[in-house]
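Here are a few quick notes to read alongside the model. Have a look at it first, then come back to the points below.

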There are 2 protein chains.
Amino acid sequence: MIQKLIAGIKRTEAPIVVGLDPMLSYIPEHITEKAYAAYGETLQGAGEAVWQYNKGIVDAVCDLVPAVKPQIAMYEQFGIEGLIAFEKTVRYCKEKGLVVIGDIKRGDIGSTSEAYATGHLGSVRVGSREYRGFDEDFVTVNPYLGSDGVMPFIRVCQKEKKGLFILVKTSNPSSGEFQDRPVRDGSAASSDRPLYELVGEQVARWGETCMGDSYSYIGAVVGATYPETGKALRRIMPKSYILVPGYGAQGGKGADLVHFFNEDGLGAIINSSRGIIAAYQQEKYASYGSTGYADAARAAVLDMKADIASALAKR
Amino acid sequence: MIQKLIAGIKRTEAPIVVGLDPMLSYIPEHITEKAYAAYGETLQGAGEAVWQYNKGIVDAVCDLVPAVKPQIAMYEQFGIEGLIAFEKTVRYCKEKGLVVIGDIKRGDIGSTSEAYATGHLGSVRVGSREYRGFDEDFVTVNPYLGSDGVMPFIRVCQKEKKGLFILVKTSNPSSGEFQDRPVRDGSAASSDRPLYELVGEQVARWGETCMGDSYSYIGAVVGATYPETGKALRRIMPKSYILVPGYGAQGGKGADLVHFFNEDGLGAIINSSRGIIAAYQQEKYASYGSTGYADAARAAVLDMKADIASALAKR
């Protein structure tokens with residue numbers, strides 16, 4: 001699947017993943033009204049609105065980008081009906097040829113991580129039959145529990161030819177509270193280093209045995225909001241694809257991103273969520289109006305693509 | 001909700017939470033056969049089997065324990081149908097008067113954590129109406145993203161009078177890989193301390209502003225498999241309830257648990273999952289047979305209660 005992702009990035013010339021993180025406040029009235037008319041102001045109505053909204057965006061951008069990243073929390077907030085919209089979104093994006101990164105940030109002890117990996121990447125046996133649950137192509141994983149919490153995900157990826165992005169340094173303001181802590185390294189001679197570097201080294205080690213062609217299918221998450229950190233982690237994990245959240249609404253700009261890429265122009269994929277899917281709510285794209293929300297999303301993708309290309313050309 | 005939990009522990013004299021972590025391999029044939037006869041060997045059939053199995057256990061133990069802890073991964077592995085079984089289980093346990101701890105180990109950046117907190121503890125607005133998603137009483141939270149990933153959960157708990165158990169030191173063999181790393185503390189004079197102690201201190205700080213009567217509703221998860229660590233963390237977080245996984249099948253024994261309790265005999269609640277819900281598969285409870293799986297679970301709870309009481313009496 002990492003090969004499919006890289007081929008898609010080359011084909012579209014856009015190292016961009018569109019974050020499908022729908023809040024009801026982003027969804028144009030013409031969509032919510034239709035959904036509520038059919039199902040009432042219910043969780044089912046909300047799920048339908050989310051799904052129709054996503055479908056419009058996916059149709060408008062699927063030729064421009066290689067991948068989407070639905071954030072499952074935004075669906076889980078509506079309970080079962082939200083998760084049905086998540087499942088429909090994953091399936092539809094795959095039909096459209098997009099790589100689907102499930103942003104689920106799961107991570108637990110061994111047998112439990114195995115169950116998550118089964119539900120999101122693999123298949124489960126029921127009697128004599130096998131079924132797939134949510135069936136994303138990649139998922140994000142939280143490393144706090146260590147190797148035996150991550151290995152079950154890796155084993156399912158090996159079997160299914162899928163992949164992971166493991167949280168190393170997240171994009172939020174307080175990510176440094178634990179992730180930046182100076183940690184003693186074992187060897188007495190070496191100086192202390194931030195925890196995220198140790199996690200990054202472990203990601204590189206996990207990734208070494210999971211190679212596609214030139215990149216591993218075990219990647220990392222490193223926030224765009226910490227460009228200097230990105231520079232250090234790029235060196236530490238040369239063969240890991242880095243999924244970079246935090247562009248746009250969270251404050252990251254194209255110029256911050258250049259260090260996340262390798263010399264080959266590959267190695268990073270930049271996520272933008274609100275900045276694309278709710279572009280019509282920004283002054284810059286207001287002329288599209290709410291009925292033109294999908295075209296506004298398309299315009300925002302094209303602008304983001306140009307911003308990144310221009311930053312990469314200047315380096 | 002922490003008061004309800006403590007009152008339940010006092011009433012039952014059992015600081016025990018039953019982990020409802022169903023694997024299909026635990027479920028007796030008479031249950032799976034009936035479910036498959038009704039729904040086929042499908043995800044729906046699996047969901048029905050899980051739900052009927054849980055119901056039998058809950059009916060057999062609900063007068064003996066104050067709380068249950070369904071591990072959502074075990075349901076998520078069956079996709080939507082599994083999550084429907086999760087939702088039914090949560091609702092049924094609450095009807096039976098049990099406190100429900102959703103073992104979800106979520107954690108993300110601010111707005112995303114808010115969506116998880118909404119879906120699992122709070123309510124979501126759809127048009128002019130409000131709905132509850134999964135509606136557990138407590139959930140477990142992963143702290144790797146720092147304060148702004150945890151605070152949205154705390155805010156929902158404050159509003160809803162619910163609570164959290166935040167991962168500090170997990171029960172799995174490789175939990176030390178990152179959690180035990182010696183971390184520099186800021187003050188030059190102090191020596192390095194393991195990361196889990198810093199996380200524990202932060203849990204204590206978060207908890208101070210969230211007090212029930214004598215205990216905070218912001219608790220911690222500390223594995224039974226690391227008794228010495230439990231001793232240190234008990235001191236660091238005197239007012240935090242500690243949820244202790246790892247008893248039984250993972251290797252923890254009653255004698256390992258005494259340091260997790262305060263002098264008042266409170267402050268800890270011990271989880272056992274497989275050791276109770278699949279007790280009939282152990283030699284010790286084999287005489288119950290698979291049709292007596294619920295009675296075997298009841299016997300295992302009584303034995304666990306006696307083991308803990310005897311260990312506490314000896315300290």
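1. Helices here are DSSP runs of H or I, at least four residues, numbered from the N terminus. Keep in mind that this is a predicted model: local features need pLDDT of at least 70, side-chain atom pairs count only at pLDDT 80 or more, and totals for chains, interfaces and linings use all residues. Residues are numbered from 1 along each chain as its sequence is written, chains are lettered from A in the order in which they are written, and side-chain values use heavy atoms, leaving out hydrogens and water.

2. After the helix comes A:E13, with a positive phi near 50 degrees.

3. Now the interface: 73 residues of chain B are in contact (heavy atoms within 4.5 Å) with 73 residues of chain A. In chain B, B:E41, B:Y144 and B:F178 lose the most area to chain A, together 15% of what that side buries (accessible area, 1.4 Å probe, lost on being put together).

4. Four salt bridges (a side-chain nitrogen of Lys or Arg within 4 Å of a carboxyl oxygen of Asp or Glu) turn up across this interface. One salt bridge joins the side chains of B:E76 and A:R106, at 2.9 Å, N to O.

Key. Buried area = accessible area lost by both parts, 1.4 Å probe. Helix = DSSP H or I, 4+ residues; strand = E, 2+ residues; numbered from the N terminus.
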